[in-house]
Structure formats: C-alpha cells, structure tokens
Amino acid sequence: MSLLIRMRGLIAFALMIAAGLGNETIASGLIALTEDGWHTWRVPSVEIPGEERIYVLMRSGEPTEIEVPGRWCNTPHDGEVIDLGLVTTDESIDWLQQYIRSRSDLGSDALAAISRHAGDRSLNVLIEIVESDSDHELREEAVFWMVLSESDAAFQYIDRLIMND
Amino acid sequence: MHTRLKLIVVLLALITASAGVAQSSQTDQDKEDLKMAALEALMHAPSEQALPIVIKVLNGDNSDDLKEGALFILSQIDHPDATATLLEFARSGDGDLQLEAIRMIGINGENEAMAGLIDLYSAGDEDVREAVLEAYLIADDVDGVFNIAMTTQSEDEYEEAVTILAAMDAHEALSKLREAKGPSDALITAYIISDNDAELRILALDGSDTELQIEAIQALGIVGANDADTVLVEIYRSTDSEDIKEAALEGLLIGDYDDSVLALYRASNNVAEKRDLLEVLVVMDSDSVMEVIEEALAGDQ
C-alpha cells in the first residue's frame, strides 16, 4: 500500500471520529481567555445526562467572577457574552484550578465550578485539596462543594471522611 | 563530655516528641473540623443522601461535638426518619446528647416530635425537664409550656414554666394562669419580664394579699407604662395602709415620676408626709427640688 493511500485512510478515519462527535467540535483555547467581558463555555455536567454552562468575567486579563447558573445562582447577566462552546472537562478544570486560591469569592466560585464537572477528575481535584492542602479553609470549601455536587461518588467519600479516624 | 552528649540527645528527643504531640493534636482538630464542615454541608444535600451519613455519625464512635452537630443537621432535615431519630435520641440518648436532641426537636418543630415532649417531661429528671421547656420556647409552643404550668405540682417547675411563658410574651396564658392558680411572686416577675402592665394593675389594686399587692405596686413602677403614675397616685391616695403608701411611693420613685410626687407633696398638709415626699424628690434628683425648697423657705407651702 502506497504512502498516499495510507494517508487517505488516516484522514478518512479522523473524519469519521470527528463526525461521531456530532456537528459541534470541542473548542480549545481557554488558556487564551484574555479578552475583557463575559465568556461562557459548556462542559458535561456531574448530573448525567446534562451540561453545565460556566460564565467568567474577565478584566485586564484576569477573571473577576466565575459563575455556574443553576441551583445556587442565576445566570449572571444577559448582556454580550463570548461563547466558547463545548470544552473538554480537563481543559475547563485546568483553567479553573488556577484560581482556587484567589482571594475574595473567586476561589470558592472556582471550586464550585469544578465540582459541577462530570467524571472522576473533578472529584479527584477536590479530594486532593481535602487530603493534602495546607490551607484549612480551602479544604473545608472543597468538602462543602463536594457535598453540593450531589454525586454518589462524592457522598461515598464524605461517608468515609466522616466515619474514619 | 560523654554525659553532656547524652543529655543533649535526651533533650532533643523530648523536644521532638512534644512537637510531635502538638502536631498530632492539631491534625486531630483539623480532622474534626473537616468532619464538621462536611456535616454542615449535608444540610444542603438531598435528605436521602444526607440522612444515612448523619445517622451513622450518631451511632458511630464520634466525639460529642460531632454528634451534637449531627443532631442539629437532623433538625434541619424534613424527613420522617430524621424526626424519628431525634425522638429516639431524646428518649434514650446519654447525658448531654439526650438534652441536645430534645432541644433539636424544638428547632425542628415537627408536630409528632413536639407531641412526644410531654412524656419526656413527665418521665425525665430535672435536666430533661429544663430541656423540654427550652424546646417549647425554641418552637414558640405556648400551649406546651402552659400545660406544664397548669399541671405541675412542683412550685419550682411552675416558676420555671411561668418564666418561660414570660420570655415568650404569652400574655393570654399568663392571665389565664392568674385566674386559674391565683397571683404569685412568679407571676409578678413574669409580668415584669413581659411588660404586662395590665395584669400588674389588677394585682396592684387587689388587696386580698398585701404582700403580693406591694410587690405588684412596685413592679408597676418598674414596667413604667404610660399612665402607671396615675394608678400609683390613686393607690397612694386611697389607702390607709402605710405599707401600701410606701410601696406606691417606691413605684413612683422607680418609675421616675417626679411630677406625680411633686403633686402629692403640694397637695399634702401633713408635715411628716411632706418631709417624706421631699426626701423622695431629692433621691430622684428632681429639678423641682430647689423650687420646692425655695417655696418652703418663703413659707408659701
């Protein structure tokens, strides 16, 4: 088989995978989230099936507000929003994780947002904070948001945390 | 040299050990704080997920603080199992946990659990009875406390129930108690606490028990209702009893009604009485004292 044919095969295979993901491609580029104003992206939700929409207000290259509308807060505003579409769980958590130690409410809001992501990663991030972070307040925040994620895995962990010495 | 070296090694070991103990107790406290934070967060969780964990905490080998926290979380969960567990601990819990469970029933306020409090009161010791009264107070259950006040044979328990009713501003219940059980020190104190001048007027004018009447007259001055001075002056003028007069004057003094005392002074033709009234005005530091003295020196009065 010639190299050209093998290349064509690989391209066709890649196109098939892309088609399997649906019409929407997963966005990338949260790291470059520098433009001022409100941004939003979607991630698979801890409440399966479902999605969470995360809102971030950027000012001078830094986030000043992080919101996840739902049970605990409303959509932060109805003005112009830069929509980044669907983002991978890893990319979203990586970005949010940078701000969990921020002063004021931003750190707590970042933890709250992380707790709303589907999959093991979000719980693991919270568990790592609970078990090894030196900031006691942050550990308590992580426990709080873990409970509020209402995932079975989170409750199993809380059960062990409370009952184990 | 060898001995000094040994000494240094021993000292270093001691310092390391004490640092270790301090660190360990800090770690224990951290663990306890985290457990408490998790428990508090469970208040916001769905009851079917929170309840099993909270009940496990109560039945497990945890600290009393954590268990008391768990009882509070139970009081906040709207689920029959939460109420049943609270009642179970209120009936058979140990020491402080039992008392806390009783108080938490008051915070929860659920009818079935509240109805179980009276049996706990009847069967309980002094601490349990006090906790039951507190639960009624927390739940603002006037009928529960009134029922105890009406049925108890113990003077101390009656006084305690009456004081709780006063803290609840349960005017109607306190009036009913006077009608049913007659006036008492406890009721007068309760009327003072609950600012109930209407009941105090009734007792201040009731001459069936002089001692209680005197207390009520003085209490009227303490409560200081708008026209309490009119009542006190009326009592002062209408009685032949020196004790009642003195009590009315004390009421006027306590209520700082110097205008009324001045009016009594000016209306009196009795030198001894005028002297007593002037003394009261002096004690009250009334502005009219100088005026009265000048009048007396001028022979006007």
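Two residues are in contact if their C-beta atoms, placed from the backbone, lie within 7 Å. This is a predicted model, in which local features need pLDDT of at least 70, side-chain atom pairs count only at pLDDT 80 or more, and totals for chains, interfaces and linings use all residues. Residues are numbered from 1 along each chain as its sequence is written, and chains are lettered from A and ligands numbered from 1 in the order in which they are written.

**View 1. Helix α17 of chain B and its cover.** Helix α17 spans residues 258-267 of chain B. Helices are DSSP runs of H or I, at least four residues long, numbered from the N terminus. Buried here are B:Asp258, B:Ser260, B:Val261, B:Leu262, B:Leu264 and B:Tyr265. A residue is buried if 20 or more other C-beta atoms lie within 10 Å of its own, exposed if 12 or fewer, and partly exposed in between. The cover over these buried residues includes α15 (228-238), α16 (242-254), α18 (271-283) and α19 (288-298) of chain B.

**View 2. B:Ala298 in helix α19.** B:Ala298 sits in helix α19 of chain B. It counts as exposed because it has 8 C-beta neighbours inside 10 Å. Its C-alpha atom is separated by 16 Å from that of B:Val271, 27 residues apart along the chain.

**View 3. The largest nonpolar core.** This core has 115 residues. A nonpolar core is a set of buried Ala, Val, Leu, Ile, Met, Phe, Trp, Tyr and Cys residues joined through C-beta atoms within 7 Å. A:Val147, B:Leu86 and B:Leu165 have the most contacts inside it. A:Val147 touches A:Ala154 and A:Ile158, plus B:Ala38, B:Ala41, B:Leu42, B:His44 and B:Ala45, not counting residues up to four places away in sequence.

**View 4. Where chain A meets chain B.** The contact joins 15 residues of chain A to 17 residues of chain B. On the chain A side, α5 and α6 (152-163) each supply at least two residues. α5(A) gives the most, with 7 residues.

**View 5. Helices α3 and α5 of chain B.** α3 (residues 64-76) and α5 (residues 95-108) pack at an angle of about 20°, with their axes 8 Å apart. Axes are lines fitted to C-alpha atoms over the stretch in contact, and angles run from 0 to 180 degrees between N-to-C directions. The pair is therefore roughly parallel, a class for angles under 35 degrees. B:Leu71 and B:Phe72 are among the α3(B) residues that meet α5(B), where the partners include B:Leu97 and B:Met104.

Terms used: Parallel < 35°, antiparallel > 145°, perpendicular 65-115°, else oblique.
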